[in-house]
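The report below goes through selected parts of one protein model, section by section. Please keep the sequence and the structure in view while reading.

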Amino acid sequence: MEPHYYAVFGLTLVSDFLCDVLEPVDPVAGSDVVRVVRTTGLRPSRPPEIDPYFDIQPDKQYMNWNAVGAFCIDDPSTVRIDPQDGVSDHLVSQALLGLVMSLVLERRGVLCLHASAVSVQGHAALFLGDKGAGKSTTSAALVARGHVPITDDLVAVGRTLSEDETLTVQPGFSSMKLWPDSIEALGLGDEASDRLIHPSLPKVQKRMATPIAEAAVPLGSLFMLRRSDDVSAPQAVRLPPHKALETVLRYTFMARYGETRLGQNHLISHLKRCGAVVSQAPVFELLVPADLSRLDDLTQTIEQFVDPTF
């Protein structure tokens with residue numbers, strides 16, 4: 001069976017698995033390739049009591065989801081996957097394009113944030129926050145106003161190849177994970193490409209009508225979203241540097257594993273990369289009304305603050 005080719009986060013994914021949230025591309029000679037290989041023998045003989053189970057070491061990363069399968073990264077150019085019998089490629093790709101890909105990118109020196117990103121006025125607006133804060137909903141609302149999606153859930157922040165070392169956000173995919181109430185508030189209809197992120201959850205992965213950014217987008221502003229019943233209109237407050245750094249560190253993917261898991265050298269570079277984000281981009285706490293009918297007010301507030309000279 002011929003592999004599938006995809007462009008994602010500045011890489012070419014050559015995959016034995018179908019990734020339905022990515023657009024297929026033609027093979028390109030000389031591209032930076034990550035091979036995703038179907039294999040056997042990675043799954044434990046007995047399902048671990050801890051689910052999911054992670055064994056993250058500097059030179060090898062192993063992850064197992066009892067309902068999905070086992071994933072192993074021996075080097076940052078290869079991911080081996082042993083799926084559970086009968087599991088769909090869609091469920092495999094959910095794990096692959098989130099936690100697993102974050103480790104591939106981190107091993108390549110790319111900072112990964114649990115966030116959503118949209119290109120607003122030519123600069124990347126990043127939305128951080130806890131579960132239910134409205135990261136994907138906010139991004140989808142901005143896309144509905146004509147802005148360009150960059151990625152959802154995993155944001156890859158790297159540097160350009162120019163001498164000024166400007167931070168950029170790599171395009172990922174335009175599908176966003178939305179709850180039914182957000183879909184209704186945004187006025188989005190049912191599409192054939194809609195997929196439940198998991199059979200046990202009503203959250204839907206919806207492909208946005210607007211294609212993702214074609215190239216890396218300069219970093220603009222970061223917004224830490226916090227829903228509140230106590231505000232009737234969005235309120236943005238810029239965080240001081242020490243609070244901004246604390247916020248960025250909190251929402252890195254490495255915070256899920258433990259920042260020291262990839263070794264001391266990675267930890268040092270990880271902290272430097274987080275510091276570079278804070279030094280180049282303002283970080284705001286954005287209080288968001290719980291009422292989804294105020295999404296237009298929210299997007300207008302964000303447009304006001306996504307300004308590289310702010």
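In which sense do strand 9 and strand 10 pair, and over how many bridges? Strand 9 and strand 10 (residues 123–128) pair in the antiparallel sense, over five bridges.

## Basis of the description

This is a predicted model, in which local features need pLDDT of at least 70 and side-chain atom pairs count only at pLDDT 80 or more, while totals for chains, interfaces and linings use all residues. Residues are numbered from 1 along each chain as its sequence is written, and side-chain values use heavy atoms, with hydrogens and water left out.

Helices (H or I, at least four residues) and strands (E, at least two) are DSSP runs numbered from the N terminus, and two strands pair if DSSP finds at least two bridges between them.

Why is strand 9 (residues 116–120) largely enclosed by the rest of the structure? Five of its five residues are buried, so the strand is largely enclosed; buried means under 20% relative accessible area, exposed over 50%, and partly exposed in between, with a 1.4 Å probe and protein chains only. Both faces of strand 9 are covered, with Ser116, Val118 and Val120 buried on one side and Ala117 and Ser119 buried on the other.

Glutamate 303, placed in helix 7 (residues 295–305), is buried at a relative accessible area of 17%. Not counting residues up to four places away in sequence, glutamate 303 touches Val120, Gln121, Leu142, Arg145 and His147, where contact means heavy atoms within 4.5 Å.

## The two open sheets

Strands of a sheet pair through backbone hydrogen bonds, either parallel or antiparallel. Seven strands form an open sheet in the order 1-2-3-7-6-5-4, with mixed pairing. Strand 1 (4–8) and strand 4 (53–56) stand at its edges with a single partner strand each, so one side of each is left without a neighbour in the sheet. The twist averages 15° from one strand to the next. Strand 3 (residues 33–38) and strand 7 (residues 78–83) run parallel and are joined by four bridges, with arginine 38 opposite isoleucine 81 in strand 7. Helix 1 (residues 89–107) lies across strands of this numbering that include strand 2 (11–15), strand 5 (61–65) and strand 6 (69–75), and runs at about 25° to strand 6.

Another open sheet has three strands in the order 14-16-15, with antiparallel pairing. Its edges are strand 14 and strand 15, each with a single partner strand, so one side of each is left without a neighbour in the sheet. Strand 14 (residues 175–178) pairs with strand 16 (residues 204–207) over four bridges, and strand 15 (residues 195–196) pairs with strand 16 over two. Glutamine 205 of strand 16 is the bridge partner of lysine 177, and arginine 195 also stands opposite glutamine 205.

The axes of helix 4 (residues 241–250) and helix 6 (residues 264–280) come within 9 Å and cross at roughly 125°; axes are lines fitted to C-alpha atoms, for helices over the stretch in contact, and angles run from 0 to 180 degrees between N-to-C directions. Helix 4 and helix 6 are therefore oblique to each other, since angles under 35 degrees count as roughly parallel, over 145 as roughly antiparallel, 65 to 115 as roughly perpendicular and the rest as oblique. The contact includes Ala244, Leu245 and Val248 of helix 4 and Leu271, Cys274 and Val278 of helix 6.

Valine 283 lies in strand 19 and counts as buried at 1% relative accessibility. Leaving aside neighbours within four places in sequence, the contacts of valine 283 include Ala244, Thr247 and Val248. Glutamate 285, also found in strand 19 (residues 283–289), is in contact with residues including Met224, Arg226 and Gln235. The C-alpha atoms of glutamate 285 and glutamine 235 are 8.1 Å apart in space, although the two are 50 residues apart in sequence.
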